[in-house]
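Have the viewer open as you read.

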Amino acid sequence: MAQETTYYKPEDLKKFGNIGEFEPDLAKKFFDYYGAVFADGALSAKEKSLIALAVAHVVQCPYCIDAYTTDSVEKGVTEEQIWEAIHVGAAIRGGASLVHSVQALNKVKELGI
Amino acid sequence: MRSLLARGSELASSKEQLKILTEVSGKLDLPSFSDKLKEAALYPLRPTGVDILQVNVGKLCNQTCKHCHVDAGPDRREIMNRETMEECLVALATPGVNTLDITGGAPEMNPNFRWFVEEASKLGKKIMIRCNLTILLAGEKYRDLPEFFAEHKVEVVSSLPYFQKRRTDAQRGEGVFDRSIEALRKLNSLGYGIPDSDLVLNLVYNPVGSFLAGGQSTLENDFKKELKQVYDVQFNSLFALSNMPISRFLESLLESGNLEAYLEKLVTAFNPVAAAGVMCRNTLSVGWDGSLYDCDFNQMLDMKIEGKISKISEFNKSVLDSREILLHQHCYGCTAGAGSSCGGSIA
């Protein structure tokens, strides 16, 4: 039998609903909250799906990328919208690193370089 | 691309398709559709009445779409003859049968198509045509079809898998999107799909890949906005349909390794409300040779209706209204999520 090379298994995504096996009350609270978050509101469910997809890339959650790519496509988004959402996530992630360079800049100046 | 039949594919056999669905369901330990209906107190599934007569006038088509559940194409020769159409008209004249829904293939390629519509029109019943759009540009003999449809107030229902070229052409063939837009503009120019017009133009959305259709109203808004802004095209309603795991879509699922995941998804998304409103309950499907089925999908799987009546020539509404609808695992395709019917979402 081939050795498993990753902790991540696509089929485990389907088991997400089982996480309440040992702590059902907290799991229920989470899933109720989760369902409410993704319902149509001031933002449409479709917009929320794209936000989730961008965040999934930033937090590098393979399960979330799988789920929200599918969910976005089901909600009718275009490939262009998917990739723009991913780039928004990437830009914030890259920007979050670069904006800290202000601290480096300050330090360089403080050191009188 | 040629049809499964022309390629000699094993999947051209309805028995083979049903065998695959049974085997995969067993392997995944998926409940039978009948058991699922029992849980929902809907078994045995019975008609609410024959409100719609859906007549498949043949498998000949000018397109060979990747997901076609009919396995239609230019190489198919099964065509309904005029005698069988006459029998359909007798059935259509029955009180309580209100709509004629003509499908194919490309139904317009049947040589008796116009005669059939003219005769049905005289009966004063609602007439729907499942038009693939590109047939309207397929040659001189089809060019005046939009005017013909308008003259008989035929409701046009046209597939357009997406409001962009890439996905549409991937499913329906290279160049189909551009020609569909041209045909839609022609229909619009006659009043089809225009607000306050009595000429109805509805579009059918079905997913291009192995995923389900999302919310119909959201999709309809997206389609309306994009088609109007980018192509100056209008339509009335969008019907969101799921792809049925049979025929060429089954082939696509098998080739992409997505069959198991797709079936699981359909079963997980089973919706009892959608199940209560499935189209087979108010529709009778007629095959090109006059055989009767509960729906167009059962027709393609050669699952003829149960009971004494087997042909449209024997049509008896009260007997047919009390029949038991035949079920198999593909029926999950109509009951997933918001449900799927020839008229779009159910729940």
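## A charged pair in chain B

Let's start with B:Asp178, which is partly exposed with a relative accessible area of 41%. Keep in mind that everything here comes from a predicted model. The partner of B:Asp178 is B:Lys165, and the two form a salt bridge whose closest N and O atoms sit 3.0 Å apart.

## Other salt bridges

Over all chains, a search of the whole structure turns up 28 salt bridges. Side chains of opposite charge can pair when their charged atoms come close. In chain A, the side chains of A:Lys15 and A:Asp12 do this at 3.0 Å, N to O. A:Lys15 is partly exposed at 46% relative accessibility, and A:Asp12 is partly exposed too, at 23%.

Chain B also has a network of salt bridges, which links B:Asp71, B:Arg76, B:Glu78 and B:Arg248.

## Where the chains meet

How many residues of chain A are in contact with chain B? There are 11 of them, and they touch 15 residues of chain B. The two chains bury about 990 Å² between them, with 40% of that on carbon and sulfur atoms. On the chain A side, A:Val73, A:Glu74 and A:Glu79 lose the most area to chain B, and together they account for 48% of what that side buries.

Polar contacts across the interface come to 11 residue pairs, with both residues at pLDDT 80 or more. On the side of chain A that touches chain B, helix H3 (62–74) and helix H4 (79–99) of chain A are the elements that give two or more residues. H3(A) supplies the largest share, 3 residues. By type, that side divides into 2 nonpolar, 3 polar and 6 charged residues.

## A salt bridge across the interface

Between chain A and chain B the count is 5 salt bridges. One to zoom in on joins the side chains of A:Lys46 and B:Asp222, at 2.4 Å from N to O. Are these two residues buried or exposed? A:Lys46 has 13% relative accessibility, so it counts as buried. B:Asp222 counts as buried as well, at 14%.

## A buried histidine in chain B

B:His67 is found in the loop between strand S1 (52–56) and helix H3 (82–92) of chain B. With 7% relative accessibility, B:His67 counts as buried. The side chain of B:His67 makes a polar contact with the side chain of B:Gln171 at 2.9 Å. Leaving aside neighbours within four places in sequence, the residues in contact with B:His67 include B:Asn206, B:Pro207, B:Val208, B:Asn243, B:Phe249 and B:Arg248.

## Annotated regions

For chain A, an unreviewed UniProt entry gives the annotation "domain: Carboxymuconolactone decarboxylase-like" over residues 24–106. That stretch is 82% helix and 0% strand, and its end C-alpha atoms are 50 Å apart.

For chain B, the UniProt annotation is "domain: Cytochrome c", again from an unreviewed entry, and it covers residues 44–267. Over those residues chain B is 40% helix and 13% strand, with the end C-alpha atoms 19 Å apart.

Terms used. Residues numbered from 1 in each chain as written. Chains lettered and ligands numbered in written order. Predicted model: local features only at pLDDT ≥ 70, side-chain atom pairs only at ≥ 80, totals over all residues. Heavy atoms only, no water. UniProt positions renumbered as here; feature names shortened; annotations may be inferred. Helix = DSSP H or I, 4+ residues; strand = E, 2+ residues; numbered from the N terminus. Contact = heavy atoms within 4.5 Å. Buried area = accessible area lost by both parts, 1.4 Å probe. Salt bridge = Lys/Arg side-chain N within 4 Å of Asp/Glu carboxyl O. Polar contact = N/O pair within 3.5 Å; in protein donor to acceptor, adjacent residues only side chain to side chain. Nonpolar A, V, L, I, M, F, W, Y, C, P; charged D, E, K, R; others polar. Buried < 20%, exposed > 50% of the residue type's maximum accessible area, 1.4 Å probe, protein only.
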